[in-house]
Amino acid sequence: MSEALEHSMLCSYMRTNYPHVVFLSDASGIKMTMGQAIKWKGMRSGNGIPDLIILQPRGIYHGLMIELKKTGEKIVKKDGTYKSDHLKEQADVLSKLDAQGYYATFALGYEEAKKIIIEYMKMY
């Protein structure tokens with residue numbers, strides 16, 4: 001299953017199970033022209049923004065940020081370093097968001113992301 005499909009399923013899950021919660025999603029898997037892609041990139045603070053941003057405070061957190069990867073994807077090598085500069089950049093953004101009071105994490109696939117959301121939404 002592709003990351004884009006898992007991402008779409010996760011958004012559908014959010015709309016169905018948490019209709020009162022405001023969230024936004026990255027344009028993962030959406031085909032854009034070069035002009036659209038350049039414009040989209042210019043409207044962001046930079047690269048590495050998480051795929052799913054849930055604007056619902058819970059417990060000590062201001063919101064939940066999930067960087068979704070497809071099921072089974074490896075993020076780090078055996079030596080503990082990130083498999084790519086892009087993954088390192090995403091991890092750095094998650095770390096920055098975490099330091100600012102957000103619950104920010106990677107999720108490997110739909111099922112893992114769903115578990116993270118369920119646990120997060122149980123917080124008070």
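Read along the sequence, the protein chain of this predicted model follows the pattern α-β-α-β-β-α-β-α, with four helices and four strands (DSSP runs numbered from the N terminus, H or I of at least four residues for helices and E of at least two for strands). The radius of gyration is 15 Å, close to the 14 Å that the globule rule gives for 124 residues, so the chain is as compact as a globular protein of that length; here the radius is taken over C-alpha atoms, and the rule is 2.2 Å times the number of residues to the power 0.38. Along the principal axes, the C-alpha atoms fill a box of roughly 40 × 35 × 30 Å.

As the model is predicted, local features need pLDDT of at least 70 and side-chain atom pairs count only at pLDDT 80 or more, whereas totals for chains, interfaces and linings use all residues. Residues are numbered from 1 along each chain as its sequence is written, and side-chain values use heavy atoms, with hydrogens and water left out.

Of the 124 residues, 36% count as buried (under 20% relative accessible area, with exposed over 50% and partly exposed in between; 1.4 Å probe, protein chains only). Among contacts (heavy atoms within 4.5 Å) with a separation of 6 or more, 66% are between residues 24 or more positions apart.

Glu67 lies in strand 3 and counts as buried, at 2% relative accessibility. Its side chain makes a polar contact of 3.0 Å with that of Gln90 and another of 3.4 Å with that of Lys69 (a polar contact is a pair of N or O atoms within 3.5 Å; within protein, one must be able to donate a hydrogen and the other to accept it, and residues adjacent in sequence count only if both atoms are side-chain atoms). Not counting residues up to four places away in sequence, Glu67 touches Gly48, Ile49, Pro50, Asp51, Gln90, Leu94, Thr105, Phe106 and Ala107.

Thr81, for its part, is placed in the loop between strand 3 (64-69) and helix 3 (85-99). This residue is partly exposed, with a relative accessible area of 36%. The side chains of Thr81 and Asp79 are joined by a polar contact of 2.6 Å. Leaving aside neighbours within four places in sequence, Thr81 is in contact with Ile75 and Val76. Ile116 is 35 residues from Thr81 along the chain, and their C-alpha atoms are separated by 24 Å.
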